Amino acid sequence: MSIPQIEIQFIAIIVAVACAIPGAFLVLRRMAMISDAISHAILPGIVIGFFITQDVSSPFLVLMAAATGVLTVVLVEIINRTRLVKEDAAIGLVFPALFSIGVILITRFAGDVHIDTHAVLVGELAFAPFNQLIINGNPMGPKSLWVMGGILVLSLVLLGVFYKELKISTFDPQLAASLGFTPVVIHYGLMTMTSITAVGAFDAVGAILVVALMIVPPAAAYLMTQSLNRMLVLSSVIGIAAAIAGYWIAHFLNVSIGGSMAAILGFIFLLIYFFAPKRGVISVLMRRKQQKLEFSMLTFLLHLRNHSIENSNPEEREVSHLTDHFQWTSKRAKEVLEFAENNNMIRIDDGMVELTDKGYSFTDEAMQYILTDKKNELESMKGRFLLFRAE
Amino acid sequence: MMKRIALLATLGFILAFTACKNTGQKSDDAKMHVVATTTMVHDLVKNIGGDRIKSDGLMGPGVDPHLYRASESDVGKLSNSDVIFYNGLHLEGKLVDVFDKMNRLGKNIYPVADTINENNLVPSADYASSYDPHIWFDINLWKKAAHFIADKLSRHDPENQVYYQSNLKKYTSEMDSVQKEINSLIDQVPKDKRILITAHDAFNYFGQAFGFEVVGLQGISTASEAGVKDVQNLADMIVKNEIGAIFIESSVPRRNIEALQEAVKSRGFEVKIGGELYSDALGTPGTEEGKYTGMFFHNVKTIVKALK
């Protein structure tokens with residue numbers, strides 16, 4: 001590995017963690033798209049900065065970009081406060097407006113000058129190691145490593161100091177207000193941090209990857225855990241994994257580094273979306289199927305109990321009767337019967353079905369819970385009685 | 001959790017900064033490694049450096065330099081290079097800032113536009129500090145760029161100086177004869193028909209050199225959009241001057257020019273699309289259009305055929 005290659009991976013890792021922290025809160029607050037909005041809305045800031053300085057390489061332009069990012073958030077908040085439109089619509093109203101102002105300013109006043117976001121922000125990981133910070137003529141390491149490192153440290157310090165406030169105002173703004181710290185201040189603090197991170201990261205890795213790193217890892221982590229702590233750590237880990245894997249895939253395929261990282265992020269999200277232990281699509285589908293079968297068995301057992309031997313009418317206990325009475329397909333009926341038999345709930349004798357002792361005590365208890373409407377006990381009871389759970 | 005993240009970050013910093021102490025390692029191959037940004041500059045470098053250098057281009061054919069995205073191998077090309085040539089005049093966007101930084105750290109990086117006297121550059125109307133970067137469309141200016149590259153190659157690789165200078169001589173005389181042929185081709189276009197309308201403002205130097213009035217639908221930066229009024233004004237102008245053809249460019253989407261064609265049609269005049277011109281990039285390597293001279297011939301033939 002050559003030095004620039006190592007540097008690129010470190011920059012990507014630091015950007016990944018720096019983006020994951022505000023990103024986790026954005027995802028939890030259902031305003032993930034604000035990161036995309038900021039990365040577009042900074043254009044007018046850059047253009048106006050250029051009009052003032054007349055120099056595309058002035059750092060003032062980057063400051064203006066960050067300021068427009070904050071302005072975006074403020075405008076979204078003002079529109080949102082009116083309660084006339086929803087949050088996502090407010091975001092959608094603000095950033096195209098700001099972006100178009102930038103485009104109009106360019107075409108009207110600077111049509112023949114090279115000025116666009118890419119003229120000011122590098123936005124290309126491949127060049128980041130060559131964009132060194134120079135002090136007294138000595139290279140001090142890539143500039144974006146310092147900038148993003150600084151932003152990350154600031155982010156971590158603020159997170160450490162305001163962790164409780166951030167947590168409460170994210171999950172329960174009313175409680176936060178009643179506890180005496182205004183959610184508004186926390187909100188703007190978070191959004192300012194998001195804006196600074198977005199502009200810094202834009203310079204280091206480019207617009208698409210900024211949005212991907214802010215949203216995808218937290219969204220994936222959200223499917224894996226319900227604790228804020230773990231979500232922050234997991235988001236960072238996913239971001240780091242995608243950064244490193246993405247770099248090496250870009251290396252072997254010789255493609256854009258940022259693009260490859262964003263693609264890996266998408267792939268990781270897809271994996272987690274399908275295979276997450278509890279909230280993944282597959283596990284949700286399986287659980288639903290299991291519940292359906294278990295519920296069918298319970299209905300069937302209760303039916304048998306109603307028509308137990310003492311109450312006579314043997315027809316009701318015939319295997320062939322199942323398809324008529326419950327309007328189950330024969331496949332479904334067979335499934336339920338097998339499931340009940342495997343769990344020792346029933347005995348089948350010569351085409352006649354009968355509850356076992358276990359079947360009786362199971363239905364006994366179940367009826368109690370059903371009559372008193374205790375759903376949780378009903379679920380935990382299944383765990384005690386069923387040898388095999390449905391699959 | 002916080003501690004772990006903090007630890008990771010510090011670890012990253014320490015490793016990164018100890019790692020980047022020794023930049024600028026020499027390429028292991030004995031030949032000098034030369035990197036060029038655009039296909040035009042790369043073509044010059046290949047013609048002059050010949051087989052005594054190892055050369056790489058960053059931007060591929062058909063790639064708009066304003067919208068160029070680096071791939072992973074570009075990292076290695078840049079870090080292993082001995083000399084880097086780029087066009088300059090903001091054509092390479094933010095990459096220029098990166099080059100400035102590398103230059104300050106002792107890397108040999110040269111913008112070929114540096115060799116051209118400011119009086120010969122086409123200034124941009126609104127800002128005095130900016131010039132039109134499409135200098136390769138004036139063959140005389142591009143010859144200066146060839147001299148510039150030969151000088152720099154000789155300076156960094158004095159052993160092969162004679163070779164580079166003789167290549168330079170060969171190539172400039174080739175450019176001379178190309179220029180002659182092109183002039184006689186262009187003579188076929190009557191003076192009053194020399195109006196060149198293209199997708200973006202890339203042909204100002206071409207116009208200056210060959211007496212064309214040049215109008216680009218988009219500004220110099222292809223990132224800016226053509227305004228509705230631009231399209232309307234241009235359409236009026238085409239009808240008024242009875243211009244026969246407008247041109248699309250290889251590295252710019254054609255839909256804007258097609259919109260212009262429609263606007264002209266709605267005014268009851270027919271303007272045809274004269275063909276595709278190479279503007280910000282050469283054609284596919286290996287073909288005639290993949291070379292600077294071939295590209296120039298292609299453009300001029302296309303223009304002459306459509307306008308004469």
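Skipping its neighbours within four places in sequence, A:Val15 is in contact with A:Met148, A:Ala201, A:Ala204, A:Val205 and A:Leu213, where contact asks for C-beta atoms, placed from the backbone, within 7 Å. All of this comes from a predicted model, where local features need pLDDT of at least 70 and side-chain atom pairs count only at pLDDT 80 or more, while totals for chains, interfaces and linings use all residues. Residues are numbered from 1 along each chain as its sequence is written, and chains are lettered from A and ligands numbered from 1 in the order in which they are written.

A:Val15 also turns up in the largest nonpolar core, which has 180 residues; A:Ile11, A:Ala12, A:Val15, A:Met148, A:Val210 and B:Ile149 have the most contacts inside it. A core here is a set of buried Ala, Val, Leu, Ile, Met, Phe, Trp, Tyr and Cys residues joined through C-beta atoms within 7 Å. Buried means 20 or more other C-beta atoms within 10 Å of the residue's own (exposed is 12 or fewer, partly exposed is in between), with C-beta atoms placed from the backbone. The top contributor to this core is helix 1 (residues 3-28) of chain A, with 17 residues. There's a second, separate core of 15 residues, and A:Leu304, A:Ala333, A:Val336 and A:Ala340 are among them.

Now the domains, whose bounds come from an automatic or database domain assignment.

| Chain | Domain 1 | Domain 2 | Distance between C-alpha centres |
|---|---|---|---|
| A | 3-242 | 283-385 | 56 Å |
| B | 28-116 + 132-178 | 188-307 | 27 Å |

In chain B, the contact between the two domains takes 24 residues from domain 1 and 25 residues from domain 2. On the domain 1 side, the elements giving two or more residues are helix 2, helix 5 (139-156) and helix 6 (161-186) of chain B. Helix 2 of chain B gives the most there, with four residues.

Chain B as a whole has ten helices and eight strands, counted as DSSP runs numbered from the N terminus (helices H or I, at least four residues; strands E, at least two). Of its 308 residues, 50% are buried. Take the contacts in chain B between residues at least 6 apart in sequence, and 66% join residues at least 24 apart.

One open sheet of chain B has four strands in the order 2-1-3-4, with parallel pairing; strands pair if DSSP finds at least two bridges between them. Strand 2 (53-57) and strand 4 (108-111) of chain B each have a single partner strand, so they sit at the edges with one side lacking a neighbour in the sheet. From one strand to the next, the twist averages 20°. Strand 1 (residues 32-36) and strand 2 of chain B share five bridges in the parallel sense, and B:His33 has B:Lys54 as its bridge partner in strand 2. Helix 2 (residues 39-49) of chain B packs on this sheet, touching strand 1, strand 2 and strand 3 (83-86), and its direction makes about 170° with that of strand 2. Such angles run from 0 to 180 degrees between N-to-C directions, with axes fitted to C-alpha atoms, for helices over the stretch in contact.

Further along chain B, strand 5 (residues 195-200) and strand 6 pair in the parallel sense over five bridges, with B:Leu196 opposite B:Val214 in strand 6. Between them the chain passes through helix 7 (residues 204-210) in a right-handed β-α-β crossover: with the strands pointing away from the viewer, the path from the first strand over the helix to the second runs clockwise. Strand 6 (residues 213-218) of chain B is mostly covered, with five of its six residues buried.
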